[in-house]
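Walk through this structure with the model open beside the text.

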Amino acid sequence: MKTRLTELLGIEKPIICGGMMRVGTAELAAAVSNAGALGTMTALTLPTPELLKAEIKKCQSLTDKPFAVNLTVGVVASEINYDDYVDVICESGVKIVETAGRSPEPFMEKFNAHGIKVIHKCVAVRHALKAERLGVAAVSIDGFECAGHPGEEDVPGLVLIPAAAKKLSIPIIASGGIADGRGLAAALALGAEGINMGTRFLATQEAPVHENVKKSIVDMDETQTALIFRSYKNTARVYKNSVALKVLEIEKAGGDFSQVHGLVSGKMQDIAWSTGDVDAGMVTFGMCGGLVDDIPTCSKLVENIMSEAKNIINERFAAMMA
């Protein structure tokens, strides 16, 4: 399948595994890229720039296909020198970067100087338009269904994707609520050039999380996520576990962030991911978990998505038009 995204990034299939904190390792990124899609390492998964440099080298040893590095700015409480991470990325030979959180503007000059294509994740059309003006190569537009931070405007992908496609000239990547070939076919019909998935790639054999975490995705339905941090103007979609329910209870009572921080800290998330105790901390799943019913390899997942999308486009749609 050829789209503007596959041409831009030099990949075979218009599918991206988006950057996921604590999950975006060299092994997962390489597995996705070797399947013909685009894998993404997550820079801040590594606690120091030196460790990121080593992880990028590991990924380069595991695949000769393009892969990306995600740099998410301004979403963690600890002090981070982002310029040091940017320097490592630029000097590593990586040619694709996914940015998220705050604007990539402070880093665009350096990325451009090193021939790096930037994909910026946005939750609103106005943010996407600003990113386009800054010179990013593509935008990943995240609908309300997505895991993580969907913004505060609650616009689902069915509206947000075509709204963005109508106003932008650069390629758009649909993100949020997508887990299969039906989602890919729909995204293309709505004007996107490809899809970005996180939750679906969590439920793969190569994802570096406990099997109980993956099984929880398979077992959940589309109603089992919750929106927390809304009262703090930093809404996050997470798995509706006991931690999420406790956070909602504190928020409803007017509690401030200091009262929930211990529940949702990175330390507690690490425990959940590594031990499989999905009630240990905040677990970030999207609504599309309700569409997931197996734990394949990344290669098999990408193959299945492409096959299903092609069948929908070439057979189901064609039959309707006949």
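E303 is partly exposed, at 44% relative accessibility. The term covers the range between buried, under 20% relative accessible area, and exposed, over 50%, with a 1.4 Å probe and protein chains only. This is a predicted model, in which local features need pLDDT of at least 70 and side-chain atom pairs count only at pLDDT 80 or more, while totals for chains, interfaces and linings use all residues. Residues are numbered from 1 along each chain as its sequence is written, and side-chain values use heavy atoms, with hydrogens and water left out.

Stay with E303. Its partner in a salt bridge is K300, with the closest N and O atoms 3.6 Å apart. A salt bridge here is a side-chain nitrogen of Lys or Arg within 4 Å of a carboxyl oxygen of Asp or Glu. E303 and K300 are about one helical turn from each other, because they sit three residues apart in helix α14. Helices (H or I, at least four residues) and strands (E, at least two) are DSSP runs, numbered from the N terminus. K300 is partly exposed too, at 39% relative accessibility.

How many salt bridges does a search of the whole structure find? It finds 17. Another one joins the side chains of E308 and R182, at 3.8 Å from N to O. E308 is partly exposed, with a relative accessible area of 28%. R182 is also partly exposed, at 47%.

Now turn to helix α3. The side chains of E55 and K58 meet there in a salt bridge of 3.7 Å, N to O. The two are three residues apart in this helix (residues 49-62), so about one helical turn separates them. Is E55 buried or exposed? E55 is buried, with a relative accessible area of 12%. K58 is partly exposed, at 35%. E55 and K58 also join E27 in a network of salt bridges.

On a 1 Å grid over the protein atoms alone, a cavity is a set of points where a 1.4 Å probe fits but cannot get out; a pocket is an open set with protein on both sides within 12 Å along at least five of seven lines; lining residues have an atom within 4 Å of a point. Grid points are joined across faces, edges and corners, and a volume is the space filled by probe spheres set on the points. A search of the whole structure finds one cavity of 30 Å³ or more. The largest cavity has a volume of about 30 Å³. Its lining includes V123, F144, P150, V155 and L160. D142, G143, E153 and D154 line it as well. By class, the lining has five nonpolar residues, one polar and three charged. Nonpolar covers Ala, Val, Leu, Ile, Met, Phe, Trp, Tyr, Cys and Pro; charged covers Asp, Glu, Lys and Arg; the others, Gly among them, are polar.

The second largest pocket has a volume of about 320 Å³. Of its 15 lining residues, E145, L158, G176, G177 and I178 are the closest to its centre. Helices α7 (157-167) and α8 (181-189) each supply at least two residues of this lining. The lining holds nine nonpolar, four polar and two charged residues.

M1, I313, F317, M320 and M321 make a nonpolar patch of about 490 Å². Patches are made of residues with over 30% relative accessible area and no salt bridge, with like charges joined within 9 Å and nonpolar side chains (Val, Leu, Ile, Met, Phe, Trp, Tyr) within 5 Å. Accessible areas come from the Shrake-Rupley method with a 1.4 Å probe, and for residues only the protein chains shown count as cover. M321 lies in helix α14 (residues 298-321) and is exposed, at 74% relative accessible area.

Finish with the loops. Most residues other than glycine have a negative phi. R22 has a positive phi, near 70°. R22 lies in the loop between β1 (15-17) and α2 (26-34) and is partly exposed, at 24%. K233 has a positive phi of about 55°. Its loop runs between β9 (225-228) and β10 (236-239). K233 is exposed, at 67% relative accessible area. A203, in the loop between α9 (199-202) and α10 (211-219), is buried at 0%.
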